[in-house]
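Open the model in your viewer and keep the selection tool handy. We'll go from stop to stop, and at each one you'll hear what to select and what is there.

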Amino acid sequence: MNALVRPQRGRWIAGVCAAVANRFGWNVTLVRILTVAAVVFFGLSLWIYVLLWLLVPSER
């Protein structure tokens, strides 16, 4: 598994979904769809997204 870092290329908004997808070897589109669905249906995941945006370092 790769380290959890927000990539410079291929990111939308903050790159959190791309970082999670790269870390676990998942498809980025699937992670983005699941994130949007979680925000729409549960709302709390938006705070988790923002928290990860602040805590996960950006790739250099």
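Here is a short tour of helices, pockets and a few rings.

Before you click, a word on the source: this is a predicted model, where local features need pLDDT of at least 70, side-chain atom pairs count only at pLDDT 80 or more, and totals for chains, interfaces and linings use all residues. Residues are numbered from 1 along each chain as its sequence is written, and side-chain values use heavy atoms, with hydrogens and water left out.

**Stop 1: α1**

Select Val16, Cys17, Ala18, Ala19, Val20 and Ala21: these are the buried residues of α1. Buried means under 20% relative accessible area, exposed means over 50%, and partly exposed is in between (1.4 Å probe, protein chains only). Helices here are DSSP runs of H or I with at least four residues, strands are runs of E with at least two, and both are numbered from the N terminus. What covers these residues? The cover includes α2 and α3, counted by contact, which is heavy atoms within 4.5 Å.

**Stop 2: Ile13**

Go back to the segment before α1 and pick Ile13. Ile13 has a positive phi of about 55 degrees, although it isn't a glycine. Most residues other than glycine have a negative phi. Is Ile13 buried or exposed? It is exposed, with a relative accessible area of 72%. Leaving aside neighbours within four places in sequence, Ile13 is in contact with Tyr49 and Trp53.

**Stop 3: the rings**

Show the side chains of Phe24 and Trp26. A search of the whole structure finds one aromatic pair. The ring centres of Phe24 and Trp26 are 5.2 Å apart with planes at 25 degrees, so the pair is stacked. For the rule, rings of Phe, Tyr and Trp (its six-membered ring) pair if their centres lie within 6.5 Å; planes under 30 degrees apart are stacked, over 60 edge-to-face, and the rest tilted. Phe24 is partly exposed at 43% relative accessible area, and Trp26 is partly exposed at 48%.

Then try Arg32, over the face of Trp12 at 4.2 Å from the ring centre. The test is NZ of Lys or CZ of Arg within 6 Å of the ring centre and within 35 degrees of the ring normal.

**Stop 4: the pockets**

A pocket is an open set of points on a 1 Å grid over the protein atoms alone, where a 1.4 Å probe fits, with protein on both sides within 12 Å along at least five of seven lines; lining residues have an atom within 4 Å of a point. Grid points are joined across faces, edges and corners, and the volume is the space filled by probe spheres set on the points.

The largest pocket has a volume of about 240 Å³. Select Ile13, Cys17, Thr35, Val36 and Tyr49, the closest to its centre of the 14 lining residues. Which element gives the most to this lining? α2 does, with four residues.

Finish at the second largest pocket, with a volume of about 190 Å³. Its lining includes Val16, Trp26, Leu34 and Leu52.
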